[in-house]
Amino acid sequence: MPPHFAVNPVRRALLGASASAAAMASLGPWRSALAQQVRPLPAFAAWKDAGAMIVHSPNTIELRRGAMGDGVITPAKHLYVRNNIAPPSADILNDRDAWEVQIDGVRRPRAFKLADLKKMPTETVTMVLQCSGNGRGMFPSKPSGTPWQVGAAGCVMWTGVPVRELVHELGGMEVGAKFLTGTGGEVIPAGLDPKTRIERSVPVAAMEDALLAWELNGQPIPLAHGGPLRLIVPGFTGVNSIKYVKRVGFTHAESDSSIQQADYRMSAPDAKTMNPADPSVWQMPPKSWINSPLPEGGTLRAGAAVIKGVAFGGTNAVKQVEVSTDGGATWKVAALVGPDLGRFAWREFAATVDLTSGSHQLASRVTDVKGRTQPETRIENKAGYLNTSWRDHAVTVSVA
Amino acid sequence: ADPALMEGRQIFNSGAASAPACALCHTLKDAGSAGQIGPNLDELKPDTARIARVIRSGMGPMPAFTALTDDQVAALARYVSTVTQAKP
């Protein structure tokens, strides 16, 4: 490898310098807000790697694109946080094994303590956990909500008991159940509409892959990520994997909660309100992005360069990743590197390209095994969900 | 305090019609509230139009509060945007 393949030292230096001017310059729309105020990590996520994270608010924290790293697994300290309401007290972690989850909508409904679940057969799934609004910050329409770039996503391992095993144990689900509905254990103050509760329904077929998990990357799940117990729905956006899960039900109708009915819908950009009849944000479509090189790495030297990034098919395995150095005019197939950890995980990709002097728009696009290719354009929608546009995720670098 | 803001402050802290107090969920220094469920409004600094829209339509777990009158929504929006020094 020629010496200039080494990661640009400027970029390296930036990873630990959250407030540097160059880092600010790379933040696009956030620049003005962040220049005024770099927020501290909230107490429940104080153990995160502060220099690698962008704190939008105490309940919305993402990983910097330049800090995604080169390993396939995202360490917990780099995993984004998105809580729809404040997390419960950390006291719920004092006796994890005593946490109870109620299983309803089965022939023999009952509650399990986490200690009971741990005695059952376990599985580990590696999957992309991604916020529904990841990439919202790239919508020119500036939808309301956190302006995430790429960092509201990570690839992590969850360990727990398969939901289908529980259902089998309890005599099967009720006839006619259409949805798997999870309810979170956040405390809702008295006097509030119960629709404020954190509850999501997904099509019942998702049960086949779902887990009730108590470990994240081999460690007890931290409060910030839903410990002591989280419902994991692989292939679906993060909101569907209910934290602090206290009830799992097999239901005939979708939850009447606000976050099921009146949010997380692919409503038209000009809709006044979200229509519960619009499609719910559930499965993730195929998506990829480049993590290196990035513009904040400074000017590159002409010659060979390695383009690296991550790609996933949502619910399907990755078939192929292509990269472009000319804004999508021509494409070249990248190598899939690192281990293949299953169809819900992301693949790392790398492609060696020759960069001439000038400005280059670097782009990537993934195709899954079902033939779905990442599109050039985003699907415009009111809340800025599911941005998979390869054009939006392209980066422009200067080469001297 | 500006008397024009008192109605909004009162609804914020005590609720109105079938709407609960905003203070149950939101922190707002001027109102003396420390709710932790929803965003901290001193940090969010939502403008008047956004506040009115979210009260009427809901956002995320926050339900739409349809029982409030237009005047009550306007009073709340004016109050919160003013005391958080959001741009109008």
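**View 1. A salt bridge joins A:Arg39 and B:Glu43 in this predicted model.** The two side chains meet with 3.6 Å between N and O. It is the one salt bridge that the rule finds across the interface of chain A and chain B. Around this pair, the contact draws on 21 residues of chain A and 14 residues of chain B. Chain A and chain B bury about 1,400 Å² between them. Of that area, 60% lies on carbon and sulfur atoms. Over all chains, the structure holds 19 salt bridges.

**View 2. Domain 1 of chain A meets domain 3 of chain A.** Chain A is divided into domain 1 (3–82), domain 2 (98–261) and domain 3 (287–399). Here 15 residues of domain 1 are in contact with 21 residues of domain 3. The two domains bury about 1,600 Å² between them. Carbon and sulfur atoms carry 56% of this area. One salt bridge is found across the domain interface.

**View 3. A:Lys308 pairs with A:Asp70 in a salt bridge.** The closest N and O atoms are 3.4 Å apart.

**View 4. A:Arg247 and A:Asp104 form a salt bridge between distant parts of the chain.** The N to O distance is 2.9 Å. A:Arg247 belongs to strand 13 (residues 245–251) of chain A. A:Asp104 belongs to strand 4 (residues 100–104) of chain A.

**View 5. Helix 1 of chain B crosses helix 4 of chain B.** Helix 1 spans residues 3–14 and helix 4 spans residues 70–83. Their axes come within 8 Å and cross at roughly 100 degrees. Helix 1 of chain B is therefore roughly perpendicular to helix 4 of chain B. Helix 1 contributes B:Ala4, B:Leu5, B:Glu7, B:Gly8, B:Arg9, B:Ile11 and B:Phe12 to the contact. Helix 4 contributes B:Gln72, B:Ala75, B:Leu76, B:Arg78, B:Tyr79, B:Val80, B:Thr82 and B:Val83. By class, the contact has nine nonpolar, three polar and three charged residues.

**View 6. A cis peptide bond joins A:Gly227 and A:Pro228.** Omega is about 10 degrees. A:Pro228 sits in the loop between strand 11 (219–220) and strand 12 (230–232) of chain A.

**View 7. The peptide bond from A:Ser292 to A:Pro293 is cis.** Its omega is near -5 degrees. A:Pro293 lies in the loop between strand 14 (287–292) and strand 15 (303–312) of chain A.

**View 8. A:Lys142 has a positive phi.** The value is near 50 degrees, in a residue other than glycine. A:Lys142 is found in the loop that runs between strand 6 (123–130) and strand 7 (153–162) of chain A.

Key. Residues are numbered from 1 along each chain as its sequence is written. Chains are lettered from A and ligands numbered from 1 in the order in which they are written. This is a predicted model: local features need pLDDT of at least 70, side-chain atom pairs count only at pLDDT 80 or more; totals for chains, interfaces and linings use all residues. Side-chain values use heavy atoms; hydrogens and water are left out. Axes are lines fitted to C-alpha atoms, for helices over the stretch in contact, and angles run from 0 to 180 degrees between N-to-C directions. Helices (H or I, at least four residues) and strands (E, at least two) are DSSP runs, numbered from the N terminus. Angles under 35 degrees count as roughly parallel, over 145 as roughly antiparallel, 65 to 115 as roughly perpendicular and the rest as oblique. Contact means heavy atoms within 4.5 Å. Ala, Val, Leu, Ile, Met, Phe, Trp, Tyr, Cys and Pro count as nonpolar, Asp, Glu, Lys and Arg as charged, and the others, Gly among them, as polar. Domain bounds come from an automatic or database domain assignment. Buried area is the accessible area (1.4 Å probe) that two parts lose on being put together, summed over both. A salt bridge is a side-chain nitrogen of Lys or Arg within 4 Å of a carboxyl oxygen of Asp or Glu.
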